[in-house]
Amino acid sequence: AARIIQNMDPTADPCKDFYQYACGGWLNRHVIPETSSRYSIFDILRDELEIILKGVLETSDQGDREAFQKAKILYKSCMNESLIEERDSLPLLEALTMVGDWPVASADWNKTKEPKWSMEEKLSIMNSRFNKRVLIDMFVWNDDRDSSRHIIYIDQPSLGMPSRDYYFNGGNYQRVREAYLQFMITIAKMIREDKNMSKDDSFVQEEMAKVMELETEIAN
């Protein structure tokens, strides 16, 4: 209650400017950071929590339960920038190998990988190993009809871009769409280079255009 009162501006007349009356105290004390598009109490709580978590994750792990140990190991691995730089694109190339390689970054994918490639198997690997939902989203959650049990849900996943509008609308949406396609082309070229493959810009552009076309069909 005190926080709500603090965020109000009782000097404003609510009949003339209710927004100033309800939120004036907040507006007077907070400025949206240049790195954010919004700033609310939830953003402040998130920032405070991140500071607390940082302190917890940087403490020694003597006697910690397994879940805490895993969290600290993950944090340390992310902070080890020298090893990350040293490994470069190797983790990504290893991940691609797990899911059956990538046709645009393979010399003869149709001959060597496609005959044994199973979509069902690879989708399950993407979900279980990388927590990435592609084409189909599957998860376990409370049953809407009986909250005492959990069931498997099957749903549509999120799109590559934030919403359907990005695939069809003009203006800024079109500029983002063009940048998105160029980003895919750039990543494909980088991976081909890291795999010591020949430079074939026209092939990469054709393949990524097909990916964009597929994503657009899914969004539709």
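A nonpolar core is a set of buried Ala, Val, Leu, Ile, Met, Phe, Trp, Tyr and Cys residues joined through side-chain atoms within 4.5 Å. In this predicted model, the largest such core has 15 residues. Val104, Tyr167, Tyr180, Val204, Met208 and Met212 have the most contacts inside it. Three helices each supply at least two residues of this core: H6 (90-98), H10 (172-194) and H11 (201-219). The largest share, 5 residues, comes from H10. In soluble globular proteins, nonpolar side chains tend to be buried together.

With neighbours within four places in sequence left aside, valine 204 is in contact with Val104, Ile185, Ala188, Lys189 and Arg192. Val104 and Val204 are both among the core residues with the most contacts.

The chain is divided into three parts. Domain 1 spans 1-81. Domain 2 is assigned to 88-110 + 160-219. Domain 3 covers 118-158. Taken over C-alpha atoms, the centres of domain 1 and domain 3 are separated by 31 Å.

Strands S1 (residues 137-143) and S2 run antiparallel and are joined by 7 bridges. They form a hairpin, with 2 residues between the strands. Within this pairing, tryptophan 141 stands opposite isoleucine 151 of S2. Strand S2 (residues 146-155) lies largely in the open, because the number buried among its 10 residues is 1. Buried here means under 20% relative accessible area.

Notes
Residues are numbered from 1 along each chain as its sequence is written. This is a predicted model: local features need pLDDT of at least 70, side-chain atom pairs count only at pLDDT 80 or more; totals for chains, interfaces and linings use all residues. Side-chain values use heavy atoms; hydrogens and water are left out. Buried means under 20% relative accessible area, exposed over 50%, partly exposed in between (1.4 Å probe, protein chains only). Helices (H or I, at least four residues) and strands (E, at least two) are DSSP runs, numbered from the N terminus. Two strands pair if DSSP finds at least two bridges between them. Domain bounds come from an automatic or database domain assignment. Contact means heavy atoms within 4.5 Å.
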